[in-house]
Structure formats: C-alpha cells, structure tokens
Amino acid sequence: MKQINIKKLLLLNLPYLLIGLFTTKLGQAWRLAAGVDASTKLLHLPEGFAAAFQSFLPSFHPQDLLIGLLCGAALWLAVYVKGKNAKKYRKDIEYGSARWGTAEDIKPFVDPVFENNIILTQTESLMMSNRPKNPKYVRNKNVLIIGGSGSGKTRFWLKPNLMQCTSKSYPTSFVVTDPKGSIVVECGKLLQRNGYHIKIMNTINFKKSMHYNPFSYARHEVA
C-alpha cells in the first residue's frame, strides 16, 4: 500500500485552507449586515464588511465556516480541473528536440569486437548479433543507402563491408548486384584469399557467367 506523505499533503492544501479561513469574513459580513431579506442585506453589506473587518482574524461561526469551506473547495476544484485539462508545453523546444547523435548514443548498439559489426560510417557500426545482453538494443540488420551517382554508396559503404570479410562469430555470405562489373575485379581476390567461393551471373556476356544446365540432371528412362 502506498504511504501517504502527510507533510506534502498539508503543504499542497495549505493555500486553500488559508483562503477558506479568510473567506469566512464574507459570511461574517453578510451575517452582520442589517436586514432580514436579501435585498435589504445587500443595501447594508458595506456596513457588514466594516464590522467584519474590524478584526482580520477568521470567523468561527458555523455559518461563516461553511461559506469559507465552500469557497476553499470551489478554488481547489477549479485548480484541479484546470490541471487535468492543461496542455503540456515543451518550453524552448517547440520546433523539435532532434539533435545529432553522439558516440555515447550509438555505443550500446555496437559490438566490442569490430569484425562483429555492420559498418555504417567511419565512427558508427551496428552489431550483427540478435541477442545482445540487453534485448532493447536489438535492431533490424537491413540497411538502405540512398544517394545519387558518384555519392559514394559503393566506395564508402559496400566495399568496406565486403573487405571486412567474415567474422568467426558470425560467418557471412554476400549477394552483390554489380551493374558496372567492377566490384568483383576489385574485391574478388581479397574474398577468395579469405575462403570465399565466388559465383558470377553475367546477364550481358554469358561467356563470363556461370551456367546452370537443367538437362544435365535429366536421365533416360526405359519403359
């Protein structure tokens, strides 16, 4: 069971209590005003205020206390309703709170062993493991690189990841589309030296492409 903080509760409600005690003077002024009906009392209300405020101490007459209680409760209710409907403003960040990430932001997503990561930039990487110590740092391993011709998609992202080759913890295969035909020339020998078997499908020059002949697997059957 949640323990009630009496001190905090008293401090929060003290203003309403003080206002309630002060507004007992309103009830006292009305009570001391001469007259029986409301119209007569309204005419003599200034005299009632003068009599009531001869002393600034609150009135403890039951009728005056009731009026003070109602005023204090009404103020508390108004503040409560206002607080419930209050809009949450983010002062000084109304135009957004986005910022550039730092090394500390990316650190939980990076494997301490360099080879066990997908290289994103010169300083940022993403672990290949799907089971880090803290599951909340698991991320999808698909990477989408968007850039115009000559922007460095191949030079600065694809080649570094190919040249990293495979990790002992996470053996990796690559499927690369190479419209220019330059990647296999520039990275092929490196991959072979690291134990990769390279297979090429060339749709422009079939003499330089590996072939698959389904008839090689057909057998003659004698009825």
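Arg 31 is partly exposed, with a relative accessible area of 27%. Here "buried" means under 20% relative accessible area, "exposed" means over 50%, and "partly exposed" is in between (1.4 Å probe, protein chains only). The model you're looking at is predicted, so local features need pLDDT of at least 70, side-chain atom pairs count only at pLDDT 80 or more, and totals for chains, interfaces and linings use all residues. Residues are numbered from 1 along each chain as its sequence is written, and side-chain values use heavy atoms, with hydrogens and water left out.

**Salt bridges**

Side chains of opposite charge can pair when their charged atoms come close. The rule used here calls it a salt bridge when a side-chain nitrogen of Lys or Arg is within 4 Å of a carboxyl oxygen of Asp or Glu. How many salt bridges does that rule give? The count comes to three. Here they are:

| Asp 64 | Arg 31 | 2.7 Å |

Helices, by the way, are DSSP runs (H or I, at least four residues), numbered from the N terminus. Is Asp 64 buried or exposed? Asp 64 is buried, at 0% relative accessibility.

Glu 186 belongs to helix 8 (residues 183-193) and Lys 159 to helix 7 (residues 153-163), so their pairing links parts 27 residues apart in sequence. Glu 186 is partly exposed at 47%, while Lys 159 is buried at 17%.

**Helix 8, face by face**

Which residues of helix 8 are buried? They are Ile 183, Cys 187, Gly 188 and Leu 191. Looking down the axis of helix 8, you'd find its buried residues within an arc of 130°, so they line one face of the helix. That arc is taken from the directions from the helix axis to the C-beta atoms. These buried residues pack against helix 7, where contact means heavy atoms within 4.5 Å. On the face turned away from the buried side, helix 8 carries the exposed residues Val 185, Lys 189 and Arg 193. Just after helix 8, Gly 195 takes a positive phi of about 90°.

**Where helix 1 meets helix 5**

Asn 13, Tyr 16, Ile 19 and Gly 20 in helix 1 meet Gly 68, Gly 72, Leu 75, Trp 76 and Val 79 in helix 5. By class, this contact has five nonpolar, four polar and no charged residues. For that tally, Ala, Val, Leu, Ile, Met, Phe, Trp, Tyr, Cys and Pro count as nonpolar, Asp, Glu, Lys and Arg as charged, and the others, Gly among them, as polar.

**Thr 24**

Thr 24 is found in helix 2 and is buried, at 1% relative accessibility. What does Thr 24 touch, leaving aside its neighbours within four places in sequence? Thr 24 is in contact with Pro 58, Ser 59, Asp 64, Leu 65 and Gly 68. Lys 199, by contrast, is 175 residues from Thr 24 in sequence and 94 Å away in space, C-alpha to C-alpha.

Terms used: Helix = DSSP H or I, 4+ residues; strand = E, 2+ residues; numbered from the N terminus.
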